[in-house]
Amino acid sequence: MAFRHVMSSELNLILLGPPGAGKGTQADRLRDDFPLAYIATGDMLREARTEGTDLGLKAQTYMEAGDLVPDELVIGIAVERIQADDARDGFLLDGFPRTVPQADALGEEMEKLGRGITAVLLVEVADDEIIKRISGRRVSKAGRTYHVDYDPPKHAGRCDVDGTQLVQREDDKPEVVTARLSKYHEATSPLIDYYEDQGLLRRFDGSRSPVEVHDHIRATLATLRLEDEL
Ligand code: AP5
């Protein structure tokens with residue numbers, strides 16, 4: 001099978017879950033734990049949009065509507081990024097893959113490179129909680145994430161790390177959030193069975209506090225690494 005767990009010291013992780021489940025929040029913490037290249041296709045597309053590149057302009061309409069950007073636009077940037085120097089010893093994918101064709105493309109590329117995925121970390125949260133989380137989310141220019149009630153910054157409206165003003169993402173408006181959630185259920189949730197069948201899926205209760213979710217992920221990764229060493 002193309003995409004099996006491969007014994008290796010590399011930690012190649014995928015964060016999977018609905019919008020607002022806390023993937024970015026957990027990624028911030030995991031990046032403090034492990035020297036992993038962080039590859040978030042949503043961030044890459046937002047950057048492309050800000051820079052006004054061809055990709056950014058094409059992606060904009062889809063993102064504003066809460067729709068997925070077409071596979072042919074996203075696959076290329078993601079598979080190129082996992083081959084960059086900083087990703088050779090491990091990566092953390094956030095928001096990719098998001099469709100079965102994206103997962104197939106990633107699997108084929110990993111096989112060509114003789115690498116394997118260590119685990120797919122599924123952060124599960126119910127839809128009603130997602131709406132609360134996304135409506136209160138605020139982000140810094142550098143992409144640090146806060147929540148007005150659940151994870152407030154020390155000074156209202158300012159990033160704890162660089163002091164820049166926090167803003168609400170354009171696609172966090174209620175009508176767009178509903179569209180993003182239904183797209184998740186339709187196009188992305190089939191990846192749960194896809195990775196379960198490959199023995200890669202690890203489930204986490206994302207309704208717990210960020211610290212509890214992080215502790216659980218860390219404990220799971222420690223066990224996986226121990227298994228690799230045996
Ligand atoms: P993307 O940027 O990937 O957004 P997303 O998947 O919708 O995920 P979010 O960033 O909204 O949520 P998150 O899970 O990271 O949650 P967070 O940690 O911020 O994608 C945006 C768009 O780009 C897509 O809609 C699509 O158009 C396009 N795109 C991107 N990748 C693509 C691809 N591969 N293919 C096609 N199109 C693609 O947390 C949310 C809030 O909750 C925060 O305020 C946080 O503080 C709070 N919070 C987090 N954890 C907890 C907790 N445990 N308890 C309480 N509050 C919490």
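At what angle do helix 7 (residues 174-188) and helix 8 pack? The angle is about 40 degrees, and the two axes lie 5 Å apart. The model is a predicted one, in which local features need pLDDT of at least 70 and side-chain atom pairs count only at pLDDT 80 or more, whereas totals for chains, interfaces and linings use all residues. Residues are numbered from 1 along each chain as its sequence is written, and side-chain values use heavy atoms, with hydrogens and water left out.

**Helix pairs**

- Helix 7 contributes Tyr184, His185, Glu186, Ala187 and Thr188 to its contact with helix 8, which in turn supplies Pro190, Leu191 and Ile192; contact means heavy atoms within 4.5 Å.
- The residues of this contact between helix 7 and helix 8 comprise five nonpolar, two polar and one charged, where Ala, Val, Leu, Ile, Met, Phe, Trp, Tyr, Cys and Pro count as nonpolar, Asp, Glu, Lys and Arg as charged, and the others, Gly among them, as polar.
- Helix 2 (residues 41-51) and helix 3 (residues 54-65) cross at roughly 115 degrees, their axes coming within 7 Å; axes are lines fitted to C-alpha atoms, for helices over the stretch in contact, and angles run from 0 to 180 degrees between N-to-C directions.
- On the helix 2 side the contact involves Gly42, Leu45, Arg46, Ala48 and Arg49, and on the helix 3 side Leu55, Gly56, Ala59, Gln60 and Met63.
- By class, the residues of the contact of helix 2 with helix 3 are five nonpolar, three polar and two charged.

- An open sheet with parallel pairing is formed by five strands in the order 2-3-1-4-7; helices (H or I, at least four residues) and strands (E, at least two) are DSSP runs, numbered from the N terminus.
- Strand 2 (37-40) and strand 7 (201-205) are at the edges with a single partner strand each, so one side of each has no neighbour in the sheet.
- From one strand to the next the twist averages 20 degrees.
- Five bridges link strand 1 (residues 11-16) and strand 3 (residues 90-94) in the parallel sense; two strands pair if DSSP finds at least two bridges between them.
- Leucine 15 is placed opposite aspartate 94 in strand 3.
- Helix 1 (residues 23-33) packs on the sheet, touching strand 1, strand 2, strand 3 and strand 4 (119-124), and its direction makes about 165 degrees with that of strand 3.
- Helix 8 (residues 190-197) lies across strand 1, strand 4 and strand 7, at about 130 degrees to strand 7.

**Ligand surroundings**

- Thr25, Asp67, Arg98, Arg137 and Arg180 come nearest of the 35 residues around the ligand, a residue being near if one of its heavy atoms lies within 4 Å.
- A polar side-chain atom of threonine 41 is 2.8 Å from a ligand nitrogen atom.

**Cis peptide**

- Phenylalanine 96 and proline 97 are joined by a cis peptide bond, with omega about -5 degrees.
- Proline 97 belongs to the loop between strand 3 and helix 5 (100-113).

Definitions and conventions. A polar contact is a pair of N or O atoms within 3.5 Å; within protein, one must be able to donate a hydrogen and the other to accept it, and residues adjacent in sequence count only if both atoms are side-chain atoms.
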